[in-house]
Amino acid sequence: MGARITGWASAVPPTVVTNADLEARLDTNDAWITERTGIRARHVGGVTSALTVESGRRAMAMAGVDPASVDLLVLSTTTPDQVVPATSSSVHHELGLSGAAFDLNAACAGFVYALVVADSLLGSGFRRALVIGSDALSAITDQQDRSTAVLFADGAGALVVEGGGPEPLLLAQDLGVDGSAARLIYSDRGGYMVMEGREVYRRAVRIVVESVGRVLEQAKVKLDDIAVFAPHQANLRIIEAVNARLGFPMEKTAVVLDRTGNTSSGSIPLALVAAAEQGRLRDGDLVLLSGFGAGMTWASAIARWGAPPGRPA
Ligand code: UT7
């Protein structure tokens with residue numbers, strides 16, 4: 001059973017916080033943030049459901065699909081609007097979708113988890129899916145804590161994936177979790193994000209390199225065949241270290257963290273959508289996705305990029 005990407009869009013809240021803004025109120029400075037992370041600005045003050053609705057609506061408009069014909073919403077989020085019910089239920093209503101909707105929490109690896117789950121459901125009866133990664137981390141970040149406030153922010157990205165057709169959406173996938181590392185990144189109920197940055201950094205580079213190696217082998221694809229690599233947008237140094245070990249060029253890597261910060265579930269789709277909007281992706285291109293985060297979870301996939309119906313790119 002094939003499936004195909006036919007629409008994409010992203011959304012960020014309007015409030016921008018620059019490094020200069022943070023410098024004015026925290027014991028930090030632009031040079032530290034830029035050199036250690038690559039982040040220069042981020043969007044904050046968002047609400048997960050609103051970002052999800054905005055990105056989803058625009059992705060469906062691009063694909064030219066009637067919302068009522070979308071029978072599956074898989075929403076990856078770590079910051080649901082409330083504990084119960086799932087944020088996807090209000091989004092489902094607001095967008096006028098049909099069929100099923102649920103939230104999925106696999107932190108910064110969540111969007112790739114969501115894509116894999118949606119693809120598998122499209123292979124078992126669902127017809128048309130919205131796959132969205134959306135987070136408003138600013139709501140669970142202590143804005144007075146320089147170790148997290150400079151990093152975490154808000155954003156969402158959405159894909160429309162339609163079942164059917166001759167080609168599979170995913171050529172390979174690798175999902176995993178190491179729960180023994182669950183306290184390296186956490187936010188207890190009602191609390192703020194806490195992270196052991198240095199240890200997460202160390203593990204992230206190793207995990208992503210290994211996981212990418214597994215999907216390349218599974219898909220029998222060479223790095224040269226990948227048009228764009230969209231890694232989780234946590235830290236430019238992590239992305240550069242991963243690419244150096246893989247031997248993959250930065251020019252073919254999607255980077256938005258300089259202007260978005262780390263948006264968890266939003267980060268990979270924000271990077272992918274930016275690459276597509278820059279004209280760096282054509283119908284049929286192979287994209288490599290890889291995320292890691294709280295859990296610690298990881299997820300990599302090789303997917304075939306698509307195009308809106310009747311508009312091959
Ligand atoms: O999305 C989930 C996955 N998360 C990640 O991938 C994050 C992975 N980790 C990282 O990206 C990096 O570890 C950080 C960006 C979080 C931190 O960078 P680092 O190079 O590992 O710095 P560090 O935590 O080792 O701190 C170095 C120094 C410390 O001071 P001392 O102890 O050397 O005196 C910190 O207190 O930098 C200090 N520091 C800051 N200084 C200025 C920490 N935060 C700041 C800050 N501004 N915002």
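This briefing describes the surroundings of a ligand and several helices, loops and strands in one protein structure.

The model is predicted, so local features are taken only where pLDDT is at least 70 and side-chain atom pairs only at pLDDT 80 or more, while totals for chains, interfaces and linings use all residues. Residues are numbered from 1 along each chain as its sequence is written, and side-chain values use heavy atoms, with hydrogens and water left out. The ligand lies between domain 1 (2–165) and domain 2 (170–304), because both give residues to the shell around the ligand; these domain bounds come from an automatic or database domain assignment.

**The ligand and its shell**

- The ligand is surrounded by 22 residues, of which Thr 28, Arg 198, His 232, Asn 235 and Asn 262 are the closest; a residue is near the ligand if one of its heavy atoms lies within 4 Å of it.
- By class, the shell around the ligand holds 11 nonpolar, 6 polar and 5 charged residues, where Ala, Val, Leu, Ile, Met, Phe, Trp, Tyr, Cys and Pro count as nonpolar, Asp, Glu, Lys and Arg as charged, and the others, Gly among them, as polar.
- Oxygen atoms of the ligand lie 2.6 Å from a polar side-chain atom of Asn 262, 3.1 Å from one of Trp 32, and 3.4 Å from an N or O atom in the side chain of Arg 237.
- Taken alone, the ligand exposes 950 Å², and the protein buries 75% of that; accessible areas come from the Shrake-Rupley method with a 1.4 Å probe, and for residues only the protein chains shown count as cover.
- Two or more residues of the shell around the ligand come from each of helix H2 (30–37), helix H7 (197–219) and helix H8 (236–246), and H7 gives the most, with 4 residues.
- Helices (H or I, at least four residues) and strands (E, at least two) are DSSP runs, numbered from the N terminus.

**Helix H8**

- In H8 the buried residues are Ile 238, Ile 239, Val 242, Asn 243 and Leu 246, where buried means under 20% relative accessible area, exposed over 50%, and partly exposed in between (1.4 Å probe, protein chains only).
- Seen down the axis of H8, these buried residues fall within an arc of 130°, so they line one face of the helix; the arc is that of the directions from the helix axis to the C-beta atoms.
- An α-helix has 3.6 residues a turn, so residues three or four places apart point the same way.
- Ala 244 and Arg 245 are exposed residues on the face of H8 turned away from its buried side.

- Helix H10 (residues 267–277) is largely enclosed by the rest of the structure, because 10 of its 11 residues are buried; among them are Ile 268, Leu 270, Leu 272 and Val 273.
- Just after H10, Gly 279 takes a positive phi of about 75°.
- Ser 265 lies in the loop between helix H9 (257–260) and H10, and at 1% relative accessibility Ser 265 counts as buried.
- The side chains of Ser 265 and Ser 76 are joined by a polar contact of 2.7 Å, a polar contact being a pair of N or O atoms within 3.5 Å, of which, within protein, one must be able to donate a hydrogen and the other to accept it, and residues adjacent in sequence count only if both atoms are side-chain atoms.

- Thr 297 belongs to strand E13 (residues 297–304) and counts as buried at 7% relative accessibility.
- A polar atom of the Thr 297 side chain lies 2.9 Å from the backbone oxygen of Ala 106.
- Ala 50, in helix H3 (residues 48–63), is partly exposed, with a relative accessible area of 44%.
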